[in-house]
Amino acid sequence: MDSSKCEVIELPKIPDRRGNLTFIESFRHIPFDIKRVYYLYDVPGGASRGGHAHRDLKQFIIAASGSFTVVTDNGYEKKEYYLNRSYYGLYIPTMTWREIENFSSGSVCLVLASELYNADDYIRDYKEFKKLAAKGKNDDKA
Ligand code: TYD
């Protein structure tokens, strides 16, 4: 996979009459070491989460229950991903603006993260994000 791009990844699923099981291993199913796990739940109807990018953080987002839409933006291109199965996840590389919206009632958004929580890693201003994304692209060309 190209770890500089968003990608939906299908995870292993062990079907069982007693209930299905899915697992995730660092560097086998996702291209980073998992340092932190968090989840969003009890999201009220109409609410949206995210609305920021990260300088160094990579994430993997799973609809552990229910469904929602993740809108990603690398500064040049926006994409929408509808997640509604617990055996699929969306890999999000660094420097990606994301919004998570249209949470179904009772949904759980499970996030695996490559770094510990660090407020300084956030870019919360969209204009600043666009500037940094453009600079990153030019630096890549140099
Ligand atoms: P934030 O990342 O802005 O939420 P989201 O992007 O999901 O909408 O985080 C919301 C608040 O929670 C913010 O005050 C920081 C805090 N927080 C932590 O303390 N640790 C964490 O691991 C995360 C993800 C957030």
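Here are some notes on this predicted model, taken one feature at a time.

1. Ground rules. Residues are numbered from 1 along each chain as its sequence is written, and side-chain values use heavy atoms, with hydrogens and water left out. Since the model is predicted, local features need pLDDT of at least 70 and side-chain atom pairs count only at pLDDT 80 or more, while totals for chains, interfaces and linings use all residues.

2. The sheet. Start with the open sheet of five strands, in the order β8-β7-β10-β5-β12, with antiparallel pairing. Strands here are DSSP runs of E, at least two residues, numbered from the N terminus, and two of them pair if DSSP finds at least two bridges between them. β8 and β12 (122-123) are the edge strands; each has a single partner, so one side of each has no neighbour in the sheet.

3. Strand β7. Buried means under 20% relative accessible area, exposed over 50%, and partly exposed in between, using a 1.4 Å probe and protein chains only. In a regular strand, side chains alternate between the two faces of the sheet. In β7, F68, V70 and T72 point one way, T69, V71 and D73 the other way, and all are buried.

4. Partners of β7. Six bridges join β7 to β8, running antiparallel. Across that pairing, F68 stands opposite L83, and V71 opposite E80. The two strands make a hairpin with four residues between them, and G75 in the turn has a positive phi of about 100°. β7 also pairs with β10 (residues 97-101), again antiparallel, over five bridges; there D73 stands opposite W97.

5. The cores. Which residues touch the most other members of the largest nonpolar core? Of its 14 residues, they are I61, F68, V70, L83, I100, F103 and C109. A nonpolar core is a set of buried Ala, Val, Leu, Ile, Met, Phe, Trp, Tyr and Cys residues joined through side-chain atoms within 4.5 Å. The elements giving it two or more residues are β6 (59-65), β7 (68-73), β8 (78-83), β9 (88-92) and β11 (108-113). Another core, of eight residues, lies apart from it and includes L11, F32, I62 and Y91.

6. I100 up close. Leaving aside neighbours within four places in sequence, I100 is in contact (heavy atoms within 4.5 Å) with L40, A47, S48, R49, I61, F68, T69, V70 and C109.

7. Cysteines. A search of the whole structure turns up zero disulfides, a disulfide being a pair of cysteine sulfur atoms within 2.5 Å. For C6, the nearest cysteine sulfur is that of C109, 14 Å away. C109 is itself buried, at 0% relative accessible area.

8. The ligand. Around it are R36, Y38, L40, R49, G50, H52, Y117, Y122 and R124, each with a heavy atom within 4 Å of it. An N or O atom in the side chain of R49 is 2.9 Å from a ligand oxygen. For H52, a polar side-chain atom lies 2.5 Å from an oxygen atom of the ligand, and for Y122 the distance from a polar side-chain atom to a ligand oxygen is also 2.5 Å.

9. H29. Look for H29 in the loop between β3 (21-22) and β4 (36-40). Is H29 buried or exposed? At 13% relative accessibility, H29 counts as buried. A polar atom of its side chain lies 3.0 Å from the backbone nitrogen of E25. Beyond its neighbours within four places in sequence, H29 is in contact with I9, L11, P12, F23 and I24.

Methods:
A polar contact is a pair of N or O atoms within 3.5 Å; within protein, one must be able to donate a hydrogen and the other to accept it, and residues adjacent in sequence count only if both atoms are side-chain atoms.
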